[in-house]
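Open the model in your viewer and keep the selection tool ready.

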Amino acid sequence: MIRPGLPKLIATDLDGTLVRSDETVSAYTHEVLDRVRAAGIPVVGATGRGPRLTELTRNDIRAADFLVMAGGGRVVDQSDPAGPLVLRDERLSGTVLARILADLESAVGPLTVMVEASDEPDAPLWGDYHPSWPYPDRFEARSRAECLSGDVLKAFARTADHHVDELLSVARRIVPAGLATLTQAGLGFVEICPAGVDKSTGLSVVAERLGVDPAEVLVFGDQPNDLPMFEWAGWGRVAVANAHPEVRAAADEITLRNDDDGVAVYLDRLLSR
């Protein structure tokens with residue numbers, strides 16, 4: 001049974017929040033998350049990573065009962081005895097994406113574009129290579145036509161002439177919310193997701209399955225793609241100290257940096273109350 005005064009569901013972003021700059025998760029963090037589960041509180045990993053990175057994600061948050069991936073487009077129940085159960089799988093059509101990119105390029109000029117099309121393990125992104133992309137080992141150069149030939153989980157776009165926050169602001173003015181969800185996750189690219197897909201709608205799938213009210217959910221994050229779940233969750237919204245200014249402003253509390261195990265330190269104190 002969950003002790004009084006504790007949330008009934010805890011969700012945390014991974015990269016920049018739970019995962020440290022060296023791409024590791026400390027033994028201390030894993031131990032604290034195990035204690036959270038032992039206290040009867042389900043744990044959710046809520047990440048922009050697509051399902052192609054499921055194994056990496058499971059290793060980074062081994063205590064997770066659920067994974068909200070692809071920024072909310074893929075939701076997986078890992079607690080089912082029969083094996084992982086996909087609860088949500090949303091896609092963006094290549095035709096819609098082509099329209100969005102054409103409208104954006106009319107406004108801001110040529111874009112560097114990548115798409116996440118495959119959910120096969122460790123599948124590469126496709127599209128235009130850019131040296132700022134931090135994961136060149138998981139990339140395959142393909143033409144724009146090839147990238148738009150089918151449905152995608154999401155797309156990434158950038159331009160040399162705009163800071164990512166500026167490009168995101170322009171894109172949100174141009175692209176109707178009913179066409180796609182736009183965000184950014186600290187990688188220098190605007191992320192284009194299917195309409196209605198964000199971390200809050202992904203978490204809603206989990207909460208409904210568990211019978212948990214958003215007012216009973218605690219969340220942790222660091223980038224603008226975490227803001228929807230900050231707006232949705234009511235028990236608490238905690239930003240790590242290295243978070244984007246908009247996320248820090250939306251948070252109820254600020255914990256230590258990801259490199260200082262800020263999520264685990266906060267949860268350790270919470271469990272010790």
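Select H5, which lies across S9, S10 and S11 and runs at about 165° to S10. Helices (H or I, at least four residues) and strands (E, at least two) are DSSP runs, numbered from the N terminus. Axes are lines fitted to C-alpha atoms, for helices over the stretch in contact, and angles run from 0 to 180 degrees between N-to-C directions. Contact means heavy atoms within 4.5 Å.

Before going on, note that this is a predicted model, where local features need pLDDT of at least 70 and side-chain atom pairs count only at pLDDT 80 or more, while totals for chains, interfaces and linings use all residues. Residues are numbered from 1 along each chain as its sequence is written, and side-chain values use heavy atoms, with hydrogens and water left out.

Which residues of H5 are buried? Colour Val-164, Leu-167, Leu-168, Val-170 and Ala-171. Buried means under 20% relative accessible area, exposed over 50%, and partly exposed in between (1.4 Å probe, protein chains only). Looking down the axis of H5, you find its buried residues within an arc of 165°, so they line one face of the helix. The arc is that of the directions from the helix axis to the C-beta atoms. These buried residues pack against H3, S9, S10 and S11.

## Stop two: the six-stranded sheet

Now show the open sheet with the order S8-S7-S6-S9-S11-S10, which has six strands and mixed pairing. Strand S8 (139–141) and S10 are at its edges, each with a single partner strand, so one side of each has no neighbour in the sheet. The twist averages 25° from one strand to the next. Two strands pair if DSSP finds at least two bridges between them.

Zoom in on S9 and S11: they run antiparallel and are joined by three bridges. For one of the partners, select Ala-157, whose bridge partner in S11 is Val-190. H3 also packs on this sheet, touching S6, S9, S10 and S11, and its direction makes about 150° with that of S11.

## Stop three: helix H3

Select H3, which has 15 residues. From its first C-alpha to its last, H3 reaches 20 Å, close to the 21 Å expected at 1.5 Å a residue; the expected span is 1.5 Å times one less than the number of residues. Next, colour its buried residues: Gly-94, Leu-97, Ile-100, Leu-101, Leu-104 and Val-108. They cover an arc of only 120° around the axis, which puts them on the same side of H3. On the other side, Thr-95 and Ser-106 are exposed.

## Stop four: the eight-stranded sheet

Finally, find the open sheet of eight strands, ordered S5-S4-S3-S2-S1-S12-S13-S14 with mixed pairing. Strand S5 (85–89) and strand S14 (253–255) are its edge strands, each pairing on one side only. Strand S2 (residues 43–46) and strand S3 (residues 66–69) run parallel, joined by three bridges. Select Gly-45 to find its bridge partner in S3, Leu-67.
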